[in-house]
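Here's a quick briefing to read with the model open beside you. Have a look at the fold, then work through the points below.

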Amino acid sequence: QVQLVESGGGLVQPGGSLRLSCAASGSIFRINDLGWYRQAPGKQRDLVASIATGGTTNYVDSVKGRFTISRDNAKNTVYLQMNSLKPDDTAVYYCNMKIRTWSRTIESDFWGQGTQVTVSS
């Protein structure tokens, strides 16, 4: 029905940068709010950044000024540019999209498969 495919994770040294991408495909009528979450070992999955349909963004305090979320509506894609990475940013990152499909009149939550980001020297 709908698939989200993430890319861009990896190993980076402290202070480095990575750019995550998440592309949606399938029976999509409209994509509404988008978000990036992360889950470190032994911890719950937490929201890192979100971007609304109109472009309004929100960030958790720990990433403000370092991470930037953006969206390309023509490509059904959301990005997370991560700069000045710290070891505490190490986690599996998941994209989330609130999508209305052609078969339903209300939106549903869809998740990417997750991509590992490791910040270490």
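Asn76 counts as partly exposed because its relative accessibility is 26% (buried is under 20% relative accessible area, exposed is over 50%, and partly exposed is in between, with a 1.4 Å probe and protein chains only). This is a predicted model, where local features need pLDDT of at least 70 and side-chain atom pairs count only at pLDDT 80 or more, while totals for chains, interfaces and linings use all residues. Residues are numbered from 1 along each chain as its sequence is written, and side-chain values use heavy atoms, with hydrogens and water left out.

- Asn76 sits in the loop between β7 (67-72) and β8 (77-82); strands here are DSSP runs (E, at least two residues), numbered from the N terminus.
- Asn76 isn't a glycine, yet its phi is positive, about 55°.
- Ser84 is another non-glycine with a positive phi, this one about 50°.
- You'll find Ser84 in the loop between β8 and β9 (91-101), and its 40% relative accessibility is why it counts as partly exposed.
- For background, most residues other than glycine have a negative phi.

**The disulfide**

- There's one disulfide in the structure, meaning a pair of cysteine sulfur atoms within 2.5 Å.
- It links Cys22 with Cys95, at 2.0 Å from S to S.
- Cys22 is in strand β3 (residues 18-26) and Cys95 is in strand β9, so the pair ties together parts 73 residues apart in sequence.
- The Cys22 and Cys95 link is right-handed, with 50° about the S-S bond.
- Both Cys22 and Cys95 are buried.

**Strand β4 and its partners**

- Strand β4 (residues 28-39) runs antiparallel to β9, and nine bridges join them; two strands pair if DSSP finds at least two bridges between them.
- Across from Arg38 you'll see Tyr93 in β9.
- β4 is also joined to β5 by five bridges, again antiparallel.

- Ser50 belongs to strand β5 (residues 46-51), and its bridge partner is Gly35.
- With 18% relative accessibility, Ser50 counts as buried.
- Neighbours within four places in sequence aside, Ser50 is in contact (heavy atoms within 4.5 Å) with Leu34, Gly35, Thr56, Thr57, Asn58 and Ile69.
- Thr56 lies in the loop between β5 and β6 (57-59) and is exposed, with a relative accessible area of 52%.
- Leaving out residues up to four places away in sequence, Thr56 touches Ser50 and Ile51.
- Thr56 and Thr115 are 59 residues apart in sequence and 25 Å apart in space, C-alpha to C-alpha.

**The largest pocket**

- The largest pocket holds about 190 Å³ of space. A pocket is an open set of points on a 1 Å grid over the protein atoms alone, where a 1.4 Å probe fits, with protein on both sides within 12 Å along at least five of seven lines; its volume is the space filled by probe spheres set on the points.
- Its lining residues (an atom within 4 Å of a point) are Arg38, Gln39, Ala40, Lys43, Gln44, Asp46, Pro87, Asp88, Thr90 and Ala91.
- By class, that lining has three nonpolar, three polar and four charged residues. Ala, Val, Leu, Ile, Met, Phe, Trp, Tyr, Cys and Pro count as nonpolar, Asp, Glu, Lys and Arg as charged, and the others, Gly among them, as polar.

Key
Helix = DSSP H or I, 4+ residues; strand = E, 2+ residues; numbered from the N terminus.
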